[in-house]
Structures are given as structure tokens and as C-alpha cells.
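Here's a quick briefing on the fold you're about to see.

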Amino acid sequence: MKLVNIGFGNLVSDERLIAVVAPDSAPIKRMIQDARERGMLIDATYGRKTKSVLIMDSDHVVLSAIGNDAIASRMGVRIETYEEETGNE
């Protein structure tokens, strides 16, 4: 099991992580509100602005104050842009 730092010393298991998404869209905002109402929301932002939302396989939703790119790099994942994927630079 590998733990990933999601900011302020908070860690999540990379094996339990399904997705890391931006918090800006309406469906994600609804997902956050639904998780809050069900008691399945974990706010790891320490009062700062939410920059990424982590969806766990346990149906928990975790809020983080660090961005998707930072979380991905901490997991050792290389993020390719559209141009790199298609060769259109």
C-alpha cells in the first residue's frame, strides 16, 4: 500500500483512490454536497480553497487544497496534455 500526501500531512491510499477531479463543475459540487449530507465528506483543506476532489472506492469524497497536478506528481503519474497525446504541438 502506498500513501499519497494530499496536503498538510494528510495521506490517502493510492489503492483506494478512484479519481482526482477539479471542484468547479456543477456535478462535482452536487457530489460534494451529497457526500456532506451523508457524512461521507472528508475536508482536508484546513480552511483553504478546494483545488481538487478525490473520489475514493469507499464512497468517501475528500477535499484537498492542492491541485490535481501536484497530487498526480506525488503519485508518480505523468500527465500528458492533449497536444502530447495527438502529436499536435
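Strands E5 (residues 52-56) and E6 (residues 61-64) run antiparallel, joined by 4 bridges. This is a predicted model, where local features need pLDDT of at least 70, side-chain atom pairs count only at pLDDT 80 or more, and totals for chains, interfaces and linings use all residues. Residues are numbered from 1 along each chain as its sequence is written, and side-chain values use heavy atoms, leaving out hydrogens and water.

**The sheet**
- Val 53 has Leu 63 in E6 as its bridge partner.
- An open sheet of 4 strands runs in the order E3-E5-E6-E4, with mixed pairing.
- E3 (17-21) and E4 (41-44) sit at the edges with a single partner strand each, so one side of each has no neighbour in the sheet.
- On average, neighbouring strands here are turned by 20 degrees against each other, direction ignored.
- Strands (E, at least two residues) and helices (H or I, at least four) are DSSP runs numbered from the N terminus, and two strands pair if DSSP finds at least two bridges between them.

**The helices**
- H1 (residues 26-38) packs on the sheet, touching E3, E4, E5 and E6, and its direction makes about 115 degrees with that of E6.
- H2 (residues 68-75) packs on the sheet too, touching E3, E5 and E6, at about 145 degrees to the direction of E3.
- Contact means heavy atoms within 4.5 Å, while angles run from 0 to 180 degrees between N-to-C directions of lines fitted to C-alpha atoms, for helices over the stretch in contact.

- Met 1 lies in the segment before strand E1 (3-7).
- Met 1 is exposed, at 73% relative accessible area (exposed is over 50%, buried under 20%, partly exposed in between, with a 1.4 Å probe and protein chains only).
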